[in-house]
Amino acid sequence: MAARDPYPATFRCLTHDDLTQAAMKSLPRGRAWQTHESGPQPGSILHDYWQSAAEVFAFLTQRLCALRLEFWCATHSETHDLWMEEYGLPDACDPFPDLCAKVAAIGGTRCEYYAAIAARAGWSITCLDDELTCGSRLGVGTKVGRMRTGKRRSSELVIVVDLAASPSFSGRHRAPPKVGRFKAGWRLWCPPDIAPLECLLARVVHAEIKITYEVF
């Protein structure tokens with residue numbers, strides 16, 4: 001048995017001439033089909049018929065060959081609108097605005113992944129890994145009688161935003177007044193607008209996790 005070729009032939013879409021020859025070689029044997037010698041001769045009715053039929057075969061073959069390329073993001077062209085609809089693009093909040101980047105994205109559930117996504121959009125964040133455990137921390141946080149007022153739930157993700165290291169933040173920020181620390185004559189400052197970051201992370205953080213943002 002001959003060894004299998006480790007480098008198979010390059011894919012090639014059959015042409016009109018290829019299909020014409022294939023059709024004529026598939027005809028029954030005999031003089032009625034002009035296959036008793038060399039096959040239907042050019043100019044004969046039988047030859048012209050299969051040449052005409054091959055035009056239909058060639059069109060179908062070309063469309064099937066083109067369809068093959070639509071199964072991969074890197075080579076698709078005619079089905080771009082369907083790809084965009086399937087992956088929910090365009091979306092100003094999507095962490096992967098590029099279609100092929102979104103198709104190739106693996107995803108993650110750790111703070112390092114969220115920080116990397118935010119950094120690509122121009123935000124510097126840190127978060128707490130141990131707050132991502134669903135249910136309770138170390139298995140005791142949610143038992144009856146063990147929760148305390150003000151204690152964070154373990155399904156809460158706390159994200160700390162470093163505004164000074166975030167080029168995407170273009171506003172001004174001053175610490176908002178707090179009880180016992182506000183003095184007469186001080187200007188009231190609103191919290192910073194980090195809506196783009198919140199919208200971005202809402203696309204990648206699991207829906208069952210509550211996100212709390214802190215800025216400095």
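Predicted model: local features only at pLDDT ≥ 70, side-chain atom pairs only at ≥ 80, totals over all residues.

Biologist: Why is threonine 15 called partly exposed?

Modeller: Buried means under 20% relative accessible area, exposed over 50%, and partly exposed in between (1.4 Å probe, protein chains only). Threonine 15 has 33% relative accessibility, so it counts as partly exposed. Threonine 15 lies in the segment before H1. Its C-alpha atom is separated by 9.1 Å from that of alanine 54, 39 residues apart along the chain.

Biologist: What share of the chain is buried?

Modeller: Buried residues make up 29% of the 216 residues.

Biologist: How do you know that the buried residues of H1 are on the same side?

Modeller: The buried residues of H1 (residues 16–25) are Leu19, Thr20, Ala23 and Met24. They cover an arc of only 130° around the axis, so they are on the same side of H1. The arc is that of the directions from the helix axis to the C-beta atoms. On the other side of H1, Asp17 and Lys25 are exposed. The cover over the buried residues includes helix H2 (45–69).

Biologist: And what about H6: which residues are buried there?

Modeller: In H6, Leu197, Leu200 and Leu201 are buried. Their arc is only 90° around the axis, which puts them on the same side of H6. The buried residues of H6 pack against H5, S1, S2 and strand S3 (210–215). Contact here means heavy atoms within 4.5 Å.

Biologist: What makes a set of residues a nonpolar core?

Modeller: The members must be buried Ala, Val, Leu, Ile, Met, Phe, Trp, Tyr or Cys, joined through side-chain atoms within 4.5 Å. The largest such core has 21 residues. Those with the most contacts inside it are Tyr114, Trp123, Ile125, Leu157, Val161, Leu197 and Leu201. Helix H5 (111–120), strand S1 (125–127), strand S2 (156–161) and helix H6 (195–202) each give two or more residues. H5 gives the largest share, five residues. A second, separate core of six residues includes Met24, Leu27, Trp50 and Ala53.

Biologist: Which residues make the nonpolar surface patch?

Modeller: Leu60, Leu64, Leu67, Phe71 and Trp72 make it, at about 560 Å². Patch residues have over 30% relative accessible area and no salt bridge; like charges are joined within 9 Å, nonpolar side chains (Val, Leu, Ile, Met, Phe, Trp, Tyr) within 5 Å. Leucine 60 is in helix H2.

Biologist: Why is the pair of aspartate 18 and arginine 12 called a salt bridge?

Modeller: The rule asks for a side-chain nitrogen of Lys or Arg within 4 Å of a carboxyl oxygen of Asp or Glu. For aspartate 18 and arginine 12, the closest N and O atoms are 2.9 Å apart. The pair therefore meets the rule. By this rule the count comes to five salt bridges.

Biologist: What does the salt bridge of arginine 203 and aspartate 91 tie together?

Modeller: Their closest N and O atoms are 3.0 Å apart. Arginine 203 lies in the loop between H6 and S3, and aspartate 91 in the loop between H3 and H4, so the pair ties together parts that are 112 residues apart in sequence.

Biologist: Is aspartate 94 buried or exposed?

Modeller: Aspartate 94 is buried, because its relative accessible area is 8%. Its side chain meets that of lysine 102 in a salt bridge (2.6 Å, N to O).

Note on methods
Residues numbered from 1 in each chain as written. Heavy atoms only, no water. Helix = DSSP H or I, 4+ residues; strand = E, 2+ residues; numbered from the N terminus. Areas by Shrake-Rupley, 256 points an atom, 1.4 Å probe, with all protein chains shown as cover.
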